[in-house]
Amino acid sequence: MTARWVAVAVSTAVQRVSGDRGGMLVTLGFYVAVVGTLAALWAAAAEASGGSVAGYDAAALAWYIVASEAATVALNVRMIEGIGDDIGSGAIAVELLRPAPVLGLRMATEVGRALPRLAVCVAGGAVLGVATVGPPPSAAGALLAVPALVLAIACNIAAQHAFAGLAFWIRDATSAWYLYQKLVFIAGGMLIPVEVFPAALQAVVKALPFIAMSYVPARLLSGAVEPQLLVLQAFWLVVLCALAVAVFSAGQRRLQVVGG
Amino acid sequence: MAVIEADALTKTFPLRGRRQACPVEAVRGISFSVERGERIAYIGPNGAGKSTSIKMLTGILHPSGGTATVLDLVPWRSRRALAARIGTLFGQRSQLWFELPPRRGFRLLGAIYGLPDDVARRRVDELGALLDAADLFDVPVRNLSLGQRMRCELAATLLHSPQVLFLDEPTIGLDLLAKQRFRDLVVRVNADQGATIFMTSHDVADIEQVARRVIVINHGVLIYDDEVSAMRRTLLATKLIEVAFERPPGQVCLAGVQVTESSTTGMKLVVDTTMRSIRDVLDTLLDRYPVADISVVDPPLEQVISAIYAAPRA
Amino acid sequence: MLLATVRGAFAEAWANRQSFWLQVGAMAVNDLAWVAFWLLFFNRVANVRGWDVGRVLLLFAVLTTVAGVVLGVFANARRLGRLAAEGQLDAVLGLPVRPLPYLLLRRVEAANLGDVLFGGLLFAAAGAPSPQRVLLYVVGSIAGIVLLTGFLVTVGSLAFFGGNGEAGELGFHAILLLAGYPVDVFAGGMKLMLYTVLPAALVAAVPARLVDAFDVRAAGLLAGAAAIFALLGWATFTLGLRRYTSGAVWTRA
């Protein structure tokens with residue numbers, strides 16, 4: 001039963017997004033622009049620091065960015081705002097009447113929407129990477145990066161729903177979005193490999209869930225063969241889903257008390 | 001003296017389809033003339049070209065052909081000069097600041113229309129009384145109901161004492177009571193301030209209760225232009241009655257009334273009001289038959305329009 | 001009249017105070033994240049093609065100031081494309097005002113005002129302010145503001161000629177993305193583009209470099225480019241308005 005609506009929700013979303021060529025192109029264009037920019041920055045940084053930064057050479061850095069950006073750009077940019085708006089406008093109250101769990105349905109849909117975009121970004125990033133710095137440093141690492149990218153997206157979506165649930169309490173969820181996005185930028189290692197951080201900060205960041213959303217696949221694609229990172233992602237996925245469920249059910253109770 | 005003059009006004013929009021682009025003629029050569037102080041209902045079904053016409057007359061759109069003058073100005077060439085002398089109200093677009101009380105928005109609009117502060121304030125008080133809305137002016141717009149908001153929007157439109165009032169579907173989305181109230185206010189504004197009223201709608205009641213003259217367009221073409229009283233005699237001479245019965249009424253037979261649908265529990269009737277008054281029909285029905293529920297409605301606009309097409313041209 | 005418009009827009013933003021401060025705070029977090037990024041970056045890297053941590057922070061100060069003013073005070077600049085495509089200019093065109101300045105000032109985005117404040121503070125903290133540098137920072141930011149507004153109005157106004165305003169959204173994201181990095185990490189055609197059709201370099205990098213090392217020619221070029229984009233924006237909008245369709249375009253047949 002559960003498996004069925006999840007599958008239907010995911011595949012419907014996949015079809016919807018795949019049909020939208022224009023939107024796909026915009027995503028790809030944006031992705032290529034961001035990867036190009038950051039890769040240029042890091043290439044210049046490697047060049048300025050004698051060939052490598054924190055153990056990453058120019059090629060590893062380029063592939064790092066390819067994966068770290070694919071895992072984030074593939075997501076629906078306005079997800080948090082969208083959920084917040086739906087909560088604020090009361091639209092979610094209608095959804096709560098459906099027999100399927102709202103949260104699960106929404107999350108499955110978002111995963112479905114992200115997958116085709118992820119595929120397009122990864123393909124674009126692969127072409128870009130091979131053309132500029134040659135193949136990924138490690139084939140095994142690249143292989144591990146594929147499931148890691150999917151897990152990264154799932155973690156991200158779960159966490160965004162937990163964050164967006166704040167809209168049950170505050171009227172404007174946009175600020176939640178900014179805050180969250182920046183945490184992924186830095187603590188998630190999206191813009192910068194976590195190894196570049198000073199040691200103490202590295203320890204803190206590695207204990208937070210954000211690395212599951214971008215750093216893990218990026219680290220793998222940059223040539224590190226560390227399968228235990230996948231286990232870490234799975235752990236965070238469970239924790240984040242539980243958190244999202246907790247926030248939504250608390251919010252739902254509040255909705256019943258104070259009204260939409 | 002004519003305040004609005006439209007001459008073969010035409011507007012073509014590009015239609016952007018999947019691949020090819022082909023134009024859509026929203027308004028096709030419409031001509032009419034409106035005198036000072038008239039109350040015009042400019043009606044037609046959805047997509048007939050009403051809004052497009054009004055937007056050309058207010059200078060928002062440039063026509064693709066033909067010409068027009070409003071208060072002797074060509075709207076799209078002298079948009080700003082014209083805007084200072086006319087008022088426009090679009091049913092679904094707000095000119096007030098959503099988070100602020102209307103009074104604050106009026107102050108701003110006053111500045112935009114170049115009214116001195118004290119003049120604007122006096123005018124706001126005057127409008128508050130005229131529109132029975134003074135108590136609404138200090139509530140943030142987002143907390144107002146649609147009907148209340150429309151009264152405030154009307155006040156905003158009237159702030160600079162416009163000579164012509166363009167109302168585009170102002171009653172859309174309002175409930176029956178709010179609609180009625182809004183219509184009364186529009187008539188009052190016309191009587192009190194002498195403003196010419198040009199109002200689009202696809203609600204037959206708007207014509208009967210607001211306008212003295214009605215222009216009907218369909219598919220971008222003007223198909224009818226006459227006094228409302230004339231239209232009432234010919235085209236609006238029917239009312240629809242829906243009756244529900246407590247028990248089978250037996251044979252129903254009334255002069256001047258046509259039965260369009262009938263079952264043991266209810267009936268739909270069309271009354272020709274030139275032959276028999278609605279009141280008389282209702283009295284007879286209530287007297288003679290076991291009526292459980294009864295309602296009277298206007299014929300839908302579509303029906304009026306097909307009647308126009310069917311009617312012999314005068 | 002314009003003053004009254006700005007006052008109204010501010011009053012509207014202010015009417016929702018709790019959310020106002022929340023947004024300003026969120027913006028500060030956002031900016032701090034970028035500062036953190038650059039500090040972490042320069043923690044390992046000393047100098048990238050002439051840009052050290054000081055100059056990059058200066059760039060970021062100019063960028064937040066410029067973007068804060070443009071997206072905060074001229075909040076509709078980035079929405080112009082969508083407003084035009086969706087036919088939401090009707091209410092504005094019904095007023096006896098010049099539509100472009102009124103539109104730009106009609107809406108204030110509270111969150112972005114936090115950026116302006118942040119830019120100033122960052123400059124004060126990391127920009128080694130001296131009278132001359134403050135002056136250059138202010139003048140440079142103004143040039144950036146004019147340029148960015150002109151650019152956004154230009155790409156937004158393309159919606160009058162076709163499309164659903166995607167060009168505006170795309171241009172907005174592209175220019176802000178690229179304006180945040182030292183332009184010299186790019187090379188060749190890309191670099192040329194950032195000085196011309198997608199003038200991201202001129203928004204913050206060039207003004208920042210002028211504060212550090214003033215150069216009459218570069219200043220002249222910046223002023224010229226700002227004027228050109230302002231003019232371009234005005235012209236595209238004015239020409240586009242004639243083709244305004246008030247949303248009556250059937251987009252999906």
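# A tour of the cores and sheets

Start with the largest nonpolar core, which has 241 residues. Select the residues with the most contacts inside it: A:Trp42, B:Ile4, B:Phe32, B:Phe198, C:Phe37, C:Trp38 and C:Phe41. In soluble globular proteins, nonpolar side chains tend to be buried together. Keep in mind that this is a predicted model.

**Stop 1: B:Phe32.** Zoom in on this residue. What does B:Phe32 touch, not counting residues up to four places away in sequence? Its contacts include B:Ile4 and B:Phe198, both also listed among the residues with the most contacts inside the core. Show B:Tyr42, B:Leu57, B:Ile215 and B:Leu222 as well; B:Phe32 touches these too. Among its other contacts are B:Glu5, B:Arg213 and B:Asp225.

**Stop 2: another core.** Now select B:Ile207, B:Ala211, B:Val216 and B:Ile223. They are among the 17 residues of a core that lies apart from the largest one.

**Stop 3**

Stop 4: An open sheet has the order 5-6-7-3-8-9, with mixed pairing. Which strands are at the edges? They are strand 5 (86–90) and strand 9 (221–227), each pairing on one side only. On average, neighbouring strands here are turned by 15° against each other, direction ignored.

Select B:Gly87: opposite stands B:Leu165 in strand 6.

**Stop 5: the sheet of 4 strands.** Next, find the open sheet with the order 11-12-10-13, also in chain B. Its pairing is antiparallel. Strand 11 (257–262) and strand 13 (291–297) stand at the edges. Each has a single partner strand, so one side of each is left without a neighbour in the sheet. Neighbouring strands are turned by 20° against each other on average, direction ignored.

Follow strand 13 to strand 10 (residues 238–245): 6 bridges join them, and they run antiparallel. Select B:Glu242 and its bridge partner in strand 13, B:Ser295.

**Stop 6: A:Asn156.** Finish in chain A, at helix 7 (residues 139–164), where A:Asn156 is found. Is A:Asn156 buried or exposed? Buried counts as under 20% relative accessible area; A:Asn156 has 2% relative accessibility, so it counts as buried. Now show A:Thr72, A:Leu75, A:Tyr180 and A:Met213. A:Asn156 touches these four, not counting residues up to four places away in sequence.

Methods:
Residues are numbered from 1 along each chain as its sequence is written. Chains are lettered from A and ligands numbered from 1 in the order in which they are written. This is a predicted model: local features need pLDDT of at least 70, side-chain atom pairs count only at pLDDT 80 or more; totals for chains, interfaces and linings use all residues. Side-chain values use heavy atoms; hydrogens and water are left out. Two strands pair if DSSP finds at least two bridges between them. Helices (H or I, at least four residues) and strands (E, at least two) are DSSP runs, numbered from the N terminus. Axes are lines fitted to C-alpha atoms, for helices over the stretch in contact, and angles run from 0 to 180 degrees between N-to-C directions. Buried means under 20% relative accessible area, exposed over 50%, partly exposed in between (1.4 Å probe, protein chains only). Contact means heavy atoms within 4.5 Å. A nonpolar core is a set of buried Ala, Val, Leu, Ile, Met, Phe, Trp, Tyr and Cys residues joined through side-chain atoms within 4.5 Å.
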